[in-house]
Amino acid sequence: MSSSLGDLRVVDFSRVLAGPFATMLLADLGATVTKIERPGTGDDTRGWGPPFDESGQATYFQSVNRNKESITLDLTGEADLERARALAREADVVVENFRPGLMERLGLGYDDLRADNPGLVYCSITGFGRDRGAELPGYDLLIQALGGLMSITGSPDGEPQKVGVAVVDVFAGLFATVGMLAAVRHRDATGEGQRVEINLLSSLLAALVNQGTGYTAGGVVPARMGNAHPSVAPYEVLPCGEGDLVLAVGNDRQFGVLCERLGAAGLAEDPRYATNTARVENRETLRAELVRLLAERPAADWAKELSAARVPAGVVNDLAGAFRLAADLGLDPIVSIPRDDGTAARLTRNPIGLSATPPAYRSAPPPLS
């Protein structure tokens with residue numbers, strides 16, 4: 001089967017999450033990715049466990065390193081360093097996420113490599129950029145705090161909360177992938193490579209979307225609202241007779257159907273709730289009304305009935321329930337990739353659907369050589 005990026009050679013000096021996630025996406029689409037790792041220990045995430053899979057490997061490392069080959073090089077030794085330079089000079093794409101300046105000191109900086117490889121696309125991922133933030137450590141939790149995400153996550157009367165996965169690294173990896181593909185497209189058209197720069201803080205600020213623009217364009221500094229939405233209501237988690245129900249009512253039609261199914265059609269005509277703006281302004285009294293009505297039945301019953309009526313509603317799944325739902329919907333969320341030792345890596349499927357050149361799963365995450 002043909003692939004979108006089958007002629008692309010990527011040398012990946014990155015480790016942990018943002019860079020490896022980006023290079024795995026390229027590898028899924030056909031790129032040949034050579035992962036450079038430290039002798040003895042390899043990528044930091046090889047030791048980040050539990051959990052471990054059936055072969056004893058850290059599932060964290062497994063999550064972002066399929067479809068790659070791995071070689072170990074000691075970049076403090078001249079022989080291995082020269083081998084790394086040779087690989088990079090022949091690459092289409094180089095990815096690194098060392099602290100700014102380190103690759104230059106090793107002779108692996110963009111200016112060093114493009115002298116012999118003018119078409120090179122060179123992607124650097126940092127925490128806070130290469131200017132005044134160059135010396136700051138770029139860890140996802142720190143960026144979630146400094147970048148404002150924790151200030152809008154959690155209960156109003158509780159402490160600031162991080163998101164339950166390293167979303168800033170994921171955002172940065174996605175932005176890095178888009179940037180690299182744009183640069184490759186330009187290179188293919190002109191022969192000219194370029195440097196792609198991604199930093200975690202800017203990635204988070206861009207990913208704040210409506211909350212960020214609420215500040216930049218409206219001067220509003222948002223605060224934690226728990227599961228409520230600053231601009232839409234009802235859009236939250238509500239208790240029922242048994243369990244909790246998620247309602248994500250995005251327009252007046254859906255609200256009207258919701259009220260009808262709850263046996264309170266008049267709520268949709270009440271001036272306090274007739275429009276979304278009115279519902280946001282009166283969210284507390286609306287919530288009280290909905291909680292009273294929802295108390296009559298279990299959340300699972302309401303979710304089934306409301307979903308059938310095309311009102312966005314559901315229960316709160318754990319991860320087992322989430323993967324089970326995806327499987328029930330025919331989305332086939334798990335891929336099993338065999339290893340040479342007879343075990344298999346069970347990994348989350350790439351979500352990109354391409355009719356002619358779909359993602360492929362050629363090899364499990366590599367062992368440390």
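**View 1. The buried pair Y110 and Y122 in the predicted model.** In this predicted model, Y110 and Y122 are both buried. Of the two aromatic pairs that a search of the whole structure finds, one is W48 with Y60, whose ring centres lie 5.1 Å apart with the planes at 85°, so that pair is edge-to-face. The rings of Y110 and Y122 form a tilted pair, with 5.8 Å from centre to centre and 50° between the planes.

**View 2. The partly exposed residues W48 and Y60.** W48 counts as partly exposed because its relative accessibility is 38%, and Y60, at 27% relative accessibility, also counts as partly exposed.

**View 3. The largest nonpolar core, around M180.** This core has 31 residues, and those with the most contacts inside it are V10, V93, C123, I125 and M180. Among the elements that give two or more residues to the core are helix 1 (18-28), strand 5 (121-126) and helix 7 (167-190), and helix 7 provides the largest share, seven residues. When residues up to four places away in sequence are not counted, M180 touches A22, L26, V93, V95, V121, C123 and V196. Another core, of 24 residues, lies apart from the largest one and includes L290, W302, L306 and A309.

**View 4. Two arginines over aromatic rings.** R297 lies over the face of W302, at 4.4 Å from the ring centre, while R279 lies over the face of F255, at 4.4 Å from the ring centre.

Methods:
Residues numbered from 1 in each chain as written. Predicted model: local features only at pLDDT ≥ 70, side-chain atom pairs only at ≥ 80, totals over all residues. Heavy atoms only, no water. Core = buried A, V, L, I, M, F, W, Y, C linked by side-chain atoms within 4.5 Å. Buried < 20%, exposed > 50% of the residue type's maximum accessible area, 1.4 Å probe, protein only. Helix = DSSP H or I, 4+ residues; strand = E, 2+ residues; numbered from the N terminus. Contact = heavy atoms within 4.5 Å. Phe/Tyr/Trp six-rings, centres within 6.5 Å; stacked < 30°, edge-to-face > 60°. Lys NZ or Arg CZ within 6 Å of the ring centre and 35° of its normal.
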